[in-house]
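Hi there,

Here is the structure I promised to pass on to you. Please open it and have a look around before reading my notes.

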Amino acid sequence: MHPIKVEPHKYRGTGMPQYIRRLLKWRQMDMEYTFWQMYLLCTNPKTVYRHTMYRKQTKNQWARDDPAFVVVTSLLVLAVSVLYCMFYAHSVEQAVYVTVCAVLVDYLLVGVLLATAFWLLSNRFLRSGAGHSHAVEQRVEWLYAFDIHCNSFFPLFIMLYVVQLVLSPILLSPGFLPRLLSCMLYCVTLCYYHYCQFVGYNALPFLDNTVLFLYPVAAIVLATPVALLCGFNPSRFVLLGIYFHK
């Protein structure tokens, strides 16, 4: 008797077709669950990923099949970007450019690129079951990698969009104290982003060495005092140097 050959692609469960269909059906989006997740991502992200196992057991996929989180976050980024433009844009054209870039580039395009890179990295190097032909092959779904980025981005949005806007009169001022506050804000926020990335991939039982996703934290912590001593103010660089330059 010949052994049964298991086709790996049957177990990858991207859920992409259903995800795209639900983008057009606002009433089917679970907003209450979305806002609950957003709160937990800022307070206890591990709780969010405990639900991935339940989703895998009930729907046979790790990723969300509800695009509500992406839709709500995109709308929030859009709204806060408009507020930035009201204070700092020099023209209507610049305001439109900044708003479009914030949603389509900073959030979605960068998210797609990072998710793809980490998806490839995880499946190629971190899977503990790779090389065992007798076991059902488990792989990181691309949509789950994108979920991790979106989850990690939301706390970053709160800090580098909302909090930075509120503190911008201070952060954009010349001097050591504004530079110190800005460097600390970016350091903490970017470290937390990568921590959330680690928590997301660490929740998958078939991945090993997920501590790799914490390595950027060390680089950020080491780079921050160097940037401070060199007179670098990340808030001034991002807001006045990239987006709202004259």
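This is a predicted model: local features need pLDDT of at least 70, side-chain atom pairs count only at pLDDT 80 or more; totals for chains, interfaces and linings use all residues.

**The largest pocket.** The largest pocket holds about 510 Å³ of space. Its lining is made up of 22 residues, and those nearest the centre are Asp106, Leu156, Leu160, Tyr161 and Tyr243. Two or more lining residues come from each of α4 (68–88), α5 (92–126), α6 (142–171), α7 (176–202) and α9 (234–243). The biggest share is that of α6, which supplies six residues. Sorted by class, the lining has 17 nonpolar residues, four polar ones and one charged one.

Is Gly200 buried or exposed? Its relative accessible area is 0%, and buried means under 20%, so Gly200 is buried. Apart from neighbours within four places in sequence, Gly200 is in contact with Tyr49, Tyr144 and Ile148. Asp147 is 53 residues away along the chain, yet the C-alpha atoms of Gly200 and Asp147 are separated by 8.7 Å.

**A kinked helix.** Finally, take a look at α8, which covers residues 215–229. This helix has a kink of about 25° at Ala223, shortly before the proline Pro225. The buried residues of α8 are Val217, Ile220, Thr224, Ala227 and Leu228, and they pack against α7. After α8 comes Gly231, with a positive phi near 80°.

Enjoy exploring!

Best wishes

How values were computed:
Residues are numbered from 1 along each chain as its sequence is written. Side-chain values use heavy atoms; hydrogens and water are left out. On a 1 Å grid over the protein atoms alone, a cavity is a set of points where a 1.4 Å probe fits but cannot get out, and a pocket is an open set with protein on both sides within 12 Å along at least five of seven lines; lining residues have an atom within 4 Å of a point. Grid points are joined across faces, edges and corners, and a volume is the space filled by probe spheres set on the points. Helices (H or I, at least four residues) and strands (E, at least two) are DSSP runs, numbered from the N terminus. Ala, Val, Leu, Ile, Met, Phe, Trp, Tyr, Cys and Pro count as nonpolar, Asp, Glu, Lys and Arg as charged, and the others, Gly among them, as polar. Buried means under 20% relative accessible area, exposed over 50%, partly exposed in between (1.4 Å probe, protein chains only). Contact means heavy atoms within 4.5 Å. The bend at a residue is the angle between axes fitted to the seven residues ending there and the seven starting there.
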